[in-house]
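Student: I would like a close look at one part of this model, namely the pairing of its aromatic rings. Please treat that topic in one connected account.

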Amino acid sequence: MTAHEVIGRLRDKLGNAVLETSVPDKRRVYVTVEADSIDTAADVIFSDLGGRFVINSGTDQRRSTGRYLISHFFAFDDADIYLALHTYVDEYDPRLPSITPYVPGAGWGEREFRDMVGVEPVNHPDPRRLVLPDDWPEGVYPLRCDFDHDSVPAETPDAQPHFHAPPDGATTVPIGPFYPVLEEPAHFRIFVDGERVVGADYRGFYNHRGIEKLGCSTLTYNQIPFIAERICGICGFVHSTCYCQAVEEAAGIEVPARARFIRTILLELERLESHMLWLGIAGHIIGFDTVLMQTWRMREPLMWLCERLTGNRKTYGMNLVGGVRRDITPDMYAEILDVLEKIEREWRALYDAIPGDTTLLARLQGCCILKPEVAHDYCATGPTARGSGVAIDVRGDHPYAAYGELNFRKVVQDGCDILARTIVRIEETLVAIELIREALQKMPEGPVMAEIDEEIPPGRQGMSAVEAPRGGVFHWILTGPDNRPE
């Protein structure tokens, strides 16, 4: 499947409803369609052409175009293509057909742009609020350009939360918003029939930090990488890398080879510490605190190493648009390799112990089955998808940084249960060690920052994806006036 073949199929199905197409290079496709045809276009891409749904977004462009821009993003992994499906919605009638009946995984994203931008996805199967609390006032949308982020909207009195009712005969077990094993506040309503879970309802988004609002209203291009690192406390470097790559694509900036290799090394170091943290917490949740204590003990020298390389244990502050702020000099290589050797030795012993541990197997094997077709429909990524035999990994399917120059291999299991997803993470930790060693061996000479002399023109787009430890991360940027993103 090529970019032009995708466009051809859409034109065959939609005819004149396809308003505009662009193929800036063979890996990127931009298609704009009539709002009334957005659901048909998404169905063709997802169901007929096999595109994988990634994410969607809403943008208030009333100041420049008088309309709202709604965007759905898809990936053709076998062809290394990302597609942006755009449509414009009139500001006086901000509605368009929902694509969720055709793409189940789009449900949250559509509810999010309804809450934040005020564009209604008509015929959405679950029209409840997702991001905003139920007492948030009607008609107030935080990501509209005329919303003052310093204002405090008046609450809607006597607003009640909207929850799904449990199935007949089932009992509701509430978990959260605050609970000992929840790292962040979230509310789960688990519907159980005896010992069997038969359904669930979820409410999250209790924390609001306004990062997207800051990024499109206050900060400059090179201030955003530092706040992008705060999107996630575990995979911050992933987000700053993904953001920088999107800007670099939009601006046509060529990142020096050495900087791309340094980004790759830091991304894999971050994957190491994230998987080790994940396994420790997983052990704690199932009552196996030996796993927690051992993995976190093994992780600590890695955290010291990251501080030695970047100045910080976790939020590295290394990325800027055009490259990285600091070099990893040859005198540091031996220390990196020494830490990796010690981690690998102990990690392999842990890996070998799991298949024979009856306590772990009793809690993990055959539990929480996620079939491949369900993983596809709900757009699972990362170890969650790969544990169900869905062989997608951005590092191999859409190479970025220096991954295209390394011997990368995917880790896939077909058990479809928690055990399979756990083994994927444990084996990926060993793959990360392999990649760091190879990147150090192949590290090219040269600068770590590109020369950038001019401002970035408005109206350009850039798409970027990075394989975070827990799945694919995607950033899309539309450049704006005053050398800032729109």
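**Aromatic pairs**

Tutor: A search of the whole structure finds 10 aromatic pairs; rings of Phe, Tyr and Trp (its six-membered ring) pair if their centres lie within 6.5 Å, and planes under 30 degrees apart count as stacked, over 60 as edge-to-face and the rest as tilted. This is a predicted model, in which local features need pLDDT of at least 70 and side-chain atom pairs count only at pLDDT 80 or more, while totals for chains, interfaces and linings use all residues. Residues are numbered from 1 along each chain as its sequence is written, and side-chain values use heavy atoms, without hydrogens and water.

Trp136 and Phe147 form a tilted pair, 6.5 Å centre to centre with 40 degrees between the planes. Both residues lie in the loop between strand S7 (120-122) and strand S8 (171-175), 11 residues apart; helices (H or I, at least four residues) and strands (E, at least two) are DSSP runs, numbered from the N terminus. Trp136 and Phe147 are both buried, that is, under 20% relative accessible area (1.4 Å probe, protein chains only).

Phe237 and Tyr316 are also paired: their ring centres are 5.7 Å apart and their planes at 50 degrees, so this pair is tilted. Phe237 belongs to helix H6 (residues 236-251), whereas Tyr316 is in the loop between helix H8 (289-310) and strand S11 (319-320), 79 residues away. Phe237 and Tyr316 are both buried.

Elsewhere, ring pairs join Phe73, Tyr82, Phe474 and Trp476 into a cluster.

Definitions and conventions. Buried means under 20% relative accessible area, exposed over 50%, partly exposed in between (1.4 Å probe, protein chains only).
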